[in-house]
Amino acid sequence: MSNSESVAKRWWEMPELTEVNRLPMTSCLVPFPSQAEAREYAKEASPWHLSLNGDWGFHLYETPEEVPVPPTIPSEARTIEVPSNWTLQGTFDKPIYTNVKMPFENTPPRVPEKNPTGVYEREFSVPSDWSGKRLVLHIGGAESYLEVYVNGGFVGMAKDTRLPSEFDITPFATEQTNTLTCKVIKWSDASYVEDQDQWWMGGIYRNVYLYSTEAAQINDLFVRADYDPDSRAGGLRLRAQLTYTPTSADTQTGPRSDFYLTARLQDRHGSVVWEGRTRIGWSFREHEYETELTGDLPGISPWSSEEPTLYSLLVTLEHDDRTVECRCVRVGFRRVEIHDRELLINGRPVLIRGVNRHEHDDRRGKVMTRERMLQDIRTLKQFNFNAVRTSHYPDTIEWYDLCDEYGIYLIDEANIESHANYDSICRDPRWSRAFEDRIMRMAARDKNHPSIIAWSAGNESGHGENHVSAITKLRAYDPDRIIHHEGEVKTHWHQRGNTYTGGVNRSNDLVNPMYPTIESIIEYATLAKDPRPMILCEYSHAMGNSNGSLAEYWDAFERYKGLQGGFIWEWVDHGIVQSDDQGREFWAYGGDFGETIHDGNFVADGLVWPDRKPHPGLYEFKKLAQPLSVEALSVTEGRFVIRSKTDFVSLAWLAGEWRVEVEGEVVDRGSLPELSVPAGGELRVELPYADPDTLLRPEAYVIFEFSSAEPTAWCEQGHLVAWEQHLATTRRLPAPTAAAATRGETNLSLSSENGLEIMAENNTLFAATPSLNLFRATTDNDGIRGWEGQEEKPMGQWLAAGFQKLEQITHSTHTRENGAISEEAQLRGTDPHALISYAQTVRSVSPNMLRFDYAITIPDSLPTLPRVGVIMELVPGFESLVWYGRGPHENHIDRKRGYPVSRYSGSVRDQYVPYIMPQENGSKCEVRWFELSNGEISLRFHADPEFEFSAHHFRPLDLFESRHTNEVEDRLRAETVVSIDLVQRGVGTGSCGPQTRPDYCIAPGHYEFGFWLIASKVTSGD
């Protein structure tokens, strides 16, 4: 076969053809000369490994047909880094983001004639000590169709963007300088089963290297390491496959002496805990070059997310009384099973504290560096995650090594998603081979990783014959893991309609729906007879200001048997760094690269920003998923119970402290005793309060904090792991009185001459006095800006009602006999008959204290509201902020458990949360008071009742009219914009899940609330 054949027959449009001359998938273990070298587990250090990463010659053609035969690059070609995506390297081909729809005409298996095709070229020399050895080329990932040439000769072809392809190039290479050429076509029939919710890129984006072997070699190792939780014994089963690949004509007759395989298992200290040896007959007919070694290991240390104990299995091949090569597999002993509606790991039901994770770097695209992967792992562990689904494809090899080492349970997902053809490709026989290859090659590569507890047959690709055939083979290949196949729980061929009861269930070991309501999962737990546990495939869509009602999901997980957690969608925003004409960087999303078919900012739906800085919502998850709880037996008497939520380890690695705060000020503190609490156990403690009467004061809280006592692989000593907060009494913080408000000598004066004016020492305080505010800069969950079909979403209803531009119809101001000033107004949106009534009364309580009261009536004909509150602007300079309420991060009525009540401080600018699509942000709820200062005057707003507030340098419309963070900078105001809300709608998760729950919505009706404003001079002690 040749390049001309591939072009003439358009192999990239033949789904039945998945590879040509590609080697069978193995565990990708590189050989070493000795056990000592192999044990270091660093393939780059092997003398038989040669990296081909770096600068390659490169040219991007507009179509495959333009590429010369054989492929070459013109003399004026540029260089490009490998690994990289050419779509981020200044070529004419740019990234495209779509979620469901194909980025071109959906006519499988056809792809566009204009089909960017990159030709890569570089020279390499075979090391002199590799002379006469077999040469294997490893290409870690190329999107989406790959052809390989050496010295102009066609080596082979491969599809499957997210798994490596290896080729034997021995017949093509010389010992002198060689030319390696790769042709990569962006669009192919493979694109129809790689229709994933991510950027469409192009190029060779994973590592490329050569390695050498002798004619005899260890082709693959399959280690099954079981753990019996009753006997605490490990069961080791090693299946080894050798190959003998003659490299010259004089060895065509094959070997004439036996092979010997020695396997040695070592613990982390290097001590040998088991050893086995076996003979493999030189004749292929005797053993077919396969062998098996087994061992029983009493007292083995098991692997789990909490205690990821790894052993090194060193396997040596000997032939003719010499060592041919050594390979190393890191082994973790653990057992995964389903029993009585529970997923058991090592015999214990484990709550899955999971997240879905795409591979994404905001500057490098799909290229994952070790540093970026370590950043992800450490952040996951620091925020109490224990599981990841590799959505929606197998990740780069090093990711699995890190998850083994640090302790992350993985669902390893096959590179299959046919979202735009959900109901058809899964049963189209033309793609049957592709489904099988992608699933079985994934298992073949990743089978030895203890972190993988389940295989996934893909995502959003329906449930059809192609799945069933591949899953049947997968179960036979690896019976020790469970199968995750979300498409099986759908009622119909299309994507809608979770059934929760399954069919014959042989294709799916879990009930794993996407975005179910809380009511539906509780119904499953209490009424369904399905024997499988429910673990949510995707839930709590983390797009923008999101993750509302996450706590209610977790309440259900912890209360009901059969509910075992799930995977939040998703880990990281997929923004790509771009610069505007002023040199300001921002994160771009779909549509920012000139593409006409795209899905906008739906690609920005992570718990962390592209640089991995946590969104505020991540702190909610950290609290809910923490490994312990503290129950109060009697707060005032100091009696509490600490309960472990760990599965296997004690809490001894934590150090605990407690403190008492009164109105956010620490008045007492101490250390907890040693936390020698076994997994699932409890410890009763009594706190030695210095003055128990302190607990009787209003707003007295007892706070517990639990931090790492020593450094760990993923955190520093003192890292906060868990906390609890208990209110000592139900007494509220008292309202301010005139006597208590005389701090300082700042006098406030009221005037209604030119409308309401508020002065302090003859200085104007307000650039805009309080006015009605019902609108918020809509969140992604309220409605997705730029999308069609948003009319029924809250955003669509609010815009249709005109909440963003209420028109004042009537207005009057009155000064009462007691000096109070009353304002009354009627406003309307788009409906001339739906008049909103607004009344504000401001009166002086003392020389430096004012009282504000509000009465607001919204007609029942209007939709539910974004908020009920007022907005005002303080004159420039009020930048210093202190508040007493929930914090320090943004929080909302349906996302507030992760933010303790205390006293916090910062600047107004610091309250801005830069979501990739600008939207409502920075709100704090259950606030008793907040204070703004310009360095001379401090203004304290004291709630009646508790309110929500935000302080920024922009108004809601400023955010709503912005589409990127750099645009917000253009709209910043010198004034401090303050919003005070009696209530603001919860954030929900409605961008791709249930909308905000009814108890967190705001119905039209009559609302009354108020607050005090106290002015004081700033002194040096403030």
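Colleague: Before we look at this predicted model, what counts as a salt bridge?

Modeller: A salt bridge is a side-chain nitrogen of Lys or Arg within 4 Å of a carboxyl oxygen of Asp or Glu. Here, aspartate 168 and arginine 134 form such a pair, and their closest N and O atoms are 3.2 Å apart.

Colleague: Which parts of the chain does that pair tie together?

Modeller: Aspartate 168 belongs to strand 11 (residues 165–168) and arginine 134 to strand 7 (residues 134–139), so the bridge joins parts that are 34 residues apart in sequence.

Colleague: Are aspartate 168 and arginine 134 buried or exposed?

Modeller: Both aspartate 168 and arginine 134 are buried. Now try lysine 183 and glutamate 147, whose side chains meet in a salt bridge at 3.2 Å, N to O. Lysine 183 sits in strand 12 (residues 177–185) and glutamate 147 in strand 9 (residues 145–150), so this pair ties together parts 36 residues apart in sequence. Lysine 183 counts as buried because its relative accessibility is 0%, and glutamate 147 is buried with a relative accessible area of 0%.

Colleague: What about glutamate 665 and arginine 903?

Modeller: Their side chains also meet in a salt bridge, 3.2 Å from N to O. The pair links distant parts of the chain, 238 residues apart: glutamate 665 in strand 40 (residues 665–671) and arginine 903 in strand 54 (residues 901–907). Glutamate 665 is partly exposed at 39% relative accessible area, and arginine 903 is partly exposed at 30%.

Colleague: How many salt bridges does the structure hold?

Modeller: There are 77. Some residues join up, too: Arg10, Glu13, Glu65, Arg110 and Glu113 are linked in a network of salt bridges.

Methods. Residues are numbered from 1 along each chain as its sequence is written. This is a predicted model: local features need pLDDT of at least 70, side-chain atom pairs count only at pLDDT 80 or more; totals for chains, interfaces and linings use all residues. Side-chain values use heavy atoms; hydrogens and water are left out. Helices (H or I, at least four residues) and strands (E, at least two) are DSSP runs, numbered from the N terminus. Buried means under 20% relative accessible area, exposed over 50%, partly exposed in between (1.4 Å probe, protein chains only).
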